[in-house]
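Hi,

Here is the structure I promised to pass on.

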Amino acid sequence: MAGPHLQQPSFLLATLKADCINKPFVQRCHDLETVIEEFPAKELHGIFPWLVESIFGSLDGIIVGWNLRCLQGRTNPTEYSVALDFLEPSGPMMKLVYKLQAEEYRYDFPVSYLPGPVKASIQEQVLPECSLYHNKVQFPSSGGLGLNLALNPFEYYMFYFAISLITQKNSPVTHHVSPSNSAYFVLVDTYLKCFLPTEGSVLPPPSSNPGGAIPSPTPRSPAVPFTSYGMHHTSLLKRHIAHQPSVNADPASQEIWRSETLLQIFVEMWLHHYSLEMYQKMQSPHVKESFKPTEEHVLVVRLLVKHLHAFSNSLKPEPLSPSAHSHTASPLEEFKRVVIPRFVQEKLYIFLQHCFGHWPLDASFRAVLEMWLSYLQPWRYAPEKPPQSTEPFPRSVSEKWASFVQENLLMYTKLFVGFLNRALRTDLGSPKNALMVFRVAKVFAQPNLAEMILKGEQLFLEPELGIPHRQHRIFMTPTLGGTFFSSWPQTITDASFKVKSHVYSLEGQDFQYKQMFGAEVRNSVLKLAQVICQAQQMAKSISDHSAETTGPSFFSWFRFASSEMNGSYTGNDLDEIGQDSIKKTDEYLEKALEYLCQIFKLNEAQLTQMMMKCGTAQDENGKRQLPDCIESEDGLILTPLGRYQIINGLRRFEVQYQGDTELQPIRSYENATLVRLLFRLSSALNERFADQMDALCSRQDFVGRLCRYHLTNPQLAQKMRCSPVVRDRMGQNWGPRLSLRFLASYRTLLSLLLIYFTASWFHIGPVGCTFLILIGYFLYAVIMTFFSERWKPHEH
């Protein structure tokens, strides 16, 4: 590697770029570590932007970089370990960041690559609400191409790290990569644990000077002061970008500047892709999406949510004396108190609303679902572990979480309604979809949770006696000025006021709230319960169908039943997953229905009536009813419910082939050439021996019964007598006929090959083998004739 005598940064940069081409990855990382240790900050300043881009990729996605999202220890253990060691919080890369941080260097980040709402706000000369952007917007100089943010090294590094999850969508990803095992996912978890610790304090940055410390960055514009837990800081005052607030240093806020910066960057880059105005516009189905999150993106956000719950729940208990609070609480403890309501709640709510409304109706929605359920259950990440109980009943949700439920009411109620609408349009016969319904029902059925949600709705619906009209409540929004910890207004104790503030701040002043436990949603739950019953009936019919078609006899492989040639059975993915998964699907649906009854207090009479309606899906012949239709002059017309039933495989029209069975379309399990050749052969034989076959079928003895069983089709004969249309289609081809089409089946051909191979093993020649097959088939025919009900004489 280049030694310390290389003084020109441009030459150092050129050398490192050449090493990227000529040296292996492990050697390059070792050389970079040497350069970071030996070179002064002045020379490292010139290579820092290139190094960050070479690791995380370019903002336009063209340069992939180290491809951390696809780097896994199972497939590339050496590179995986080296990359994590190089990028960990105490690794060489962060040492470089702190080394440059001490010199107060600044690096330009293009505004054009920021999330849509932030970019639009800055381009409109309006300062964003988030303090992360304050005092950083740089106007383009004469001849400049666009606006930039002037970021310190730590911010610049974290901006690139966070946004690489979004920009690197075209990176080569193999089908065997698990996002949760990638180097990127592990680094996110590592950074969260380091800068948002659940135990102890944030580790100080390493110092390059013995006995010295890395100074904090020049303070940003002051953060918006927080009013109270669960309240929002959104300001109604638009601030022009030219009037960015002045900077006031606050030692308390500087103690955790890395924690606050990291969280703000993660939230802004991963969640802030939809503003309130954009979200309201996106409710129209005709509006094209501007940003589509991926499943990997959602998994990373879930990791963030889970850690923030653990971080917030690690808050030390408040002292009994109120006066002791301001003297004993550290900045990190105060940060834990406000981290979720202030930084995450609004942006996560809008992000989830978008996903619920625009995510495809498939199993990939499970990632969004689990992220939502993780947010709804902060008690799962509390430091105190629930005692292990041998009782099968779930543990009750403690009353101490009532304030969280009330101050996140829309997260529970409106998103539940959104999921309900998705579930009603989903094929619940699929085990993956059934599992999602089960998961949601199980979470909401936790003891005491439904009561807390109902209490929150009651608080929201309380009349506003003695409280100013909500249109005049902008006084609760904090004003600008001060610092993050400089102003702590008196806590608002009115629970109803808090719930109303939460709802109106997220949905606007004119929002019409739909009660989760109201009549409209209850009716939707009853519809879902009916769909669950129908899906259970569907799974049962598939199970019965599978049981009927499993375990065929050896000789039955040589001849297909009429149901296989004429049937109209259409299933779904349950056909391919086996009886065990069908049973599991039924268990998911049964438990989901039970949980829904617990949540919404559905009575037995309603359930009995609903089950009876579902039971009518089977008529007296054991076949399902037709899809829901209405009669018109033009015949039956499908209703919206009928279309839903057909799409999800709940009901179907019994469409069967009614013509000549020999002229049916060639099936996928048949050899097309053999079908055509055997049809010509059987047609010639039937034409040549038609009279003889007719005479044999007219006999009343055993020979007649044998011929009628194998040469006639009673179902087709019945249709001929009852339907002139079928008679016209068949013409004269409905008498006794010999059919050889079953020999064209791949299953039959495979069976014959196995028989010939087995016979050759016992030194039986082809002639003897053929004779044995004919004898066996004749015996099979005789046995089937004895047990057949088709013994009636042939009718012309």
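Below is what turned up when I went through it. Keep in mind that this is a predicted model.

Let's start with the helix packing around α17. Helix α14 (residues 331-358) and helix α17 (residues 409-424) have axes that come within 10 Å and cross at roughly 10 degrees. Angles under 35 degrees count as roughly parallel, so α14 and α17 are roughly parallel to each other. On the α14 side, the residues that meet α17 include Gln345, Leu348, Tyr349 and Phe356. Their partners in α17 include Leu410, Met411, Lys414, Phe419 and Arg422.

α17 also packs against helix α19 (residues 449-461), with the axes 10 Å apart and an angle of about 100 degrees. That makes α17 roughly perpendicular to α19. Leu409, Tyr412 and Thr413 of α17 make this contact with Leu449, Ile453, Gly456, Glu457 and Phe460 of α19.

Next, the surface. Trp761, Phe762, Ile764, Phe771, Leu772, Ile775, Phe778 and Leu779 form a nonpolar patch there, and together they have about 890 Å² of accessible area. Which helix gives the largest share of the nonpolar patch? That is helix α32 (residues 766-787), with five residues. Leu772 has 47% relative accessibility, so it counts as partly exposed.

For a contrast, go to Gly642 in helix α25 (residues 640-647). Is Gly642 buried or exposed? Gly642 has a relative accessible area of 0%, so it is buried. Leaving aside residues up to four places away in sequence, Gly642 touches Pro627 and Asp628. Leu626 is 16 residues from Gly642 along the chain, and the C-alpha atoms of the two are separated by 8.5 Å.

- Asn135 has a positive phi, near 65 degrees, and is a residue other than glycine. Asn135 sits in the loop between α6 (116-123) and β2 (137-138). With a relative accessible area of 42%, Asn135 is partly exposed.
- Lys601 is not a glycine either, yet its phi is positive at about 55 degrees. Lys601 is placed in the loop between α23 (578-600) and α24 (604-615). Its relative accessibility is 55%, and the cut-off for exposed is over 50%, so Lys601 counts as exposed.

Cheers

Conventions
Residues are numbered from 1 along each chain as its sequence is written. This is a predicted model: local features need pLDDT of at least 70, side-chain atom pairs count only at pLDDT 80 or more; totals for chains, interfaces and linings use all residues. Side-chain values use heavy atoms; hydrogens and water are left out. Patches are made of residues with over 30% relative accessible area and no salt bridge: like charges are joined within 9 Å, nonpolar side chains (Val, Leu, Ile, Met, Phe, Trp, Tyr) within 5 Å. Accessible areas come from the Shrake-Rupley method with a 1.4 Å probe; for residues, only the protein chains shown count as cover. A salt bridge is a side-chain nitrogen of Lys or Arg within 4 Å of a carboxyl oxygen of Asp or Glu. Helices (H or I, at least four residues) and strands (E, at least two) are DSSP runs, numbered from the N terminus. Buried means under 20% relative accessible area, exposed over 50%, partly exposed in between (1.4 Å probe, protein chains only). Axes are lines fitted to C-alpha atoms, for helices over the stretch in contact, and angles run from 0 to 180 degrees between N-to-C directions. Angles under 35 degrees count as roughly parallel, over 145 as roughly antiparallel, 65 to 115 as roughly perpendicular and the rest as oblique. Contact means heavy atoms within 4.5 Å.
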